[in-house]
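Please read the following report alongside the sequence and the coordinates.

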Amino acid sequence: MHGASYDPRISESDGSNCNGVTNRGFFQDLVDEGIKPEKAAAPGLAPLAVARPLYQQEELNEEMQYSVPERHLVREALNSVKGWSAKGCAKSVFPIVGWMSQYSLKRDIVSDLISGCTVAVMHIPQGMGYALLANVPPIVGIYMAFFPVLVYFVLGTSRHNSMGTFAVVTIMMGKIVLKHSNEEVGPMQVATTVCFIVGIMQLIMYVGRLGVISYLLSDTLVSGFTTGAAIHVLTSQIKDLLGLSLPPQGGNFEVINTYIAIFTDIASVNWAAIVISAITIVVVMINNEYLKPIVAKRSTIPVPIELIAVIGGTLISKYVDLHGQYAIKTIGNIPTGFPEPALPDTSLMQTLLLESFPVAMVAYAVSVSMALIFAQKENYEIDFNQELLAMGTSNVFGSFFSCLPFSASLSRSMIQYTAGGKTQIASVVSCAILAIVLLWVGPFFEPLPRCVLAGIIVVSLKGLLMQLTHFRQFWRLSTVDAIVWMGTFLTVVLVAIDIGLLVGMVLSICSIFFRGMKPYTCLMENVPNTDLYLDVNRYKGTIDISEVKIFHFCGSMNFATRAGFKASLCEALKLNLTKEIKKSKRKDYKKQFSFRFLVLDFTALSNIDPSAVSALKVLITEFGKLSVKVLVAGSSCPVYERMVRCKLIGSEDHEYCKIFPTVHDAVLWARETSANDSVNLSIVESEEA
């Protein structure tokens, strides 16, 4: 093994290395440079002697028997098959098998019963109200809380999500239903066909193992998107709050056109509807803001204010005859019993295919996001691909029973969790109560004023609308995230929900590339009396190393960042490389650089592609023309292997490039080489003299 050994924190009295060869080390070098030992050493710490040989990467690889791990795909496949079992397969496809085996009636059943009853109460007003957002009969919201939820109970991996209607999904569905329904095609035909397509899409994603696609929906995007969708929901309820009869507003710029129609017809408002809406909003808000915290201290069961408002509104409307006396719009006919199963209209599938994709993505992303929150709190795992299977199968099944695409509800899921729900048994309890509503109680709600439901929906939007305050946080933390949030929000509000989702995804992807195109770079200098090297722009106590420059690069080097790497390097060195190379070709060129060695610190380099290696070869050659040796330090094994495959290492054309395991190895090698060159030069000059 050649090369001098070193001692990063060698004391002044200890100047020999592990091989018995004198090596003054950095400590004595600092003394020579006028830095006193007491200032160089860390205060209060005795000098620590750590000695090892100086390594180049190839030498370390040879000594430590380096080899690239080989993959045996056939063996891996056989080993994975051997691990299969009937019980394991059943748990994988039917997660209920896993958690039901651990279910304790004594410990969990009471909590699930209370939680299920509480959520069922919320399903009734929310289901009917959100169904109206989708421009379908109110009873459909109850169907959605029953049929697909039973399938999810068996196949889903989340134990706390409350599945059924969700405001954002239903408002997206309302736009599609309004656009495609006509005299020949009814709203329910459009709705069930979309539900079927969404289910098929999610099943295809499951087969393709595309659950990771949800990672594209960043927190910033989801916040901006759901806030914009909340504006759509709020806007859609204003006509019922004011008692107006407005023509449907389809297509893009729906929010703008709706407000134009409202102000155009503002003289026709129904004051009775306004009074009822105001009373509903005030009562529900007083409960949520003041009574709910008080009740929560004494009971885990919240006051079912939404159900109280619905029942109270229904009774008052029935006995006062609000529809006849004051022209208040009511829910109307609600059929009893379960719907007869029917196949979706296959003739509409081609027309609705493209518009169904955003619905599938939003429903899945929201459900997975909520599931992850509860899984982290309760310490269990969520399978992203299994969620696709569960939601896809549930939507296909639900499409046969007059259902819309379903999703997790933010508010109901939180209620189900805080009310003590332990598993999806709570959803089964909720389904049992809703079955009673479907079979017998449904017609009771026919006189319910729409303005009461509108008031309940508006209050429930508070959490989503308050996300407007998130923009200030995103702006303070990251300008790029703030741009993604505002771009998504404005596009959703001003143009359309589906276009806003697309714009948000594009902006999120662009933000990833933007951050990748601007990696962190800096010049580094030595911490006195140590083997540490720090950013010179942030640390003022470091010292420069004679004839050596250290450039730190953090990120990925690829075809997109290779030009930026060179530009950042030249900017840090205050060097116009192209101009200096042209000057070096002249006979009278005598410029001496302040450095002869350039150390590239690749300890934070995550990846390098062949095009970047080619650019690095060119860079090494260019510095070689200026008699500057490039030393690569700290490369990870995959990066090192890529450089070997691309023949950056071991090529005679790049004798100026050497590879080291650490920055300190590269620096010591450079200093040793510089010292040897100086000795050789002195010998030559002496002989010439």
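Which strands does helix α26 lie across, and at about what angle does it run to β5? Helix α26 (residues 562-573) lies across β3 (520-526), β5 (547-557) and β6 (595-608), and runs at about 150 degrees to β5. Here helices (H or I, at least four residues) and strands (E, at least two) are DSSP runs numbered from the N terminus, while axes are lines fitted to C-alpha atoms, for helices over the stretch in contact, with angles from 0 to 180 degrees between N-to-C directions.

This is a predicted model, in which local features need pLDDT of at least 70 and side-chain atom pairs count only at pLDDT 80 or more, whereas totals for chains, interfaces and linings use all residues. Residues are numbered from 1 along each chain as its sequence is written, and side-chain values use heavy atoms, with hydrogens and water left out.

**The sheet and its helices**

The open sheet consists of six strands in the order β4-β3-β5-β6-β7-β8, with mixed pairing; two strands pair if DSSP finds at least two bridges between them. Its edges are β4 (533-535) and β8 (657-660), each of which pairs on one side only, and neighbouring strands are turned by 30 degrees against each other on average, direction ignored. Strand β7 (residues 629-633) pairs with β8 in the parallel sense over four bridges, and Ala633 has Phe660 in β8 as its bridge partner.

| Helix | Strands it lies across | Angle |
|---|---|---|
| α26 (residues 562-573) | β3, β5, β6 | about 150 degrees to β5 |
| α29 (residues 637-645) | β6, β7, β8 | about 115 degrees to β6 |

In helix α27 (residues 577-584), Leu577, Glu580 and Ile581 are buried, that is, under 20% relative accessible area, with exposed meaning over 50% and partly exposed in between (1.4 Å probe, protein chains only). These residues lie on the same side of α27 because they cover an arc of only 100 degrees around the axis, the arc being that of the directions from the helix axis to the C-beta atoms. The buried residues of α27 pack against α26 and α28 (610-625).

Ala612, found in helix α28, is buried with a relative accessible area of 0%. Ala612 touches Met557, Asn558 and Arg562, not counting residues up to four places away in sequence, where contact means heavy atoms within 4.5 Å. The C-alpha atoms of Ala612 and Asn558 are separated by 5.0 Å, although the two residues are 54 residues apart along the chain.

Gln202, in helix α11 (residues 187-207), is buried with a relative accessible area of 0%; its contacts, not counting residues up to four places away in sequence, include Ala360, Tyr364 and Asn395.

**Confidence**

The mean pLDDT (the predictor's confidence in each residue, from 0 to 100) of the chain is 84, and 87% of its residues reach 70 or more. Among the elements of the chain, α11 has the highest mean pLDDT (96) and α2 (residues 37-40) the lowest (40). Over residues 1-49 the pLDDT is below 50. Where pLDDT is low, the predicted coordinates should not be read in detail.
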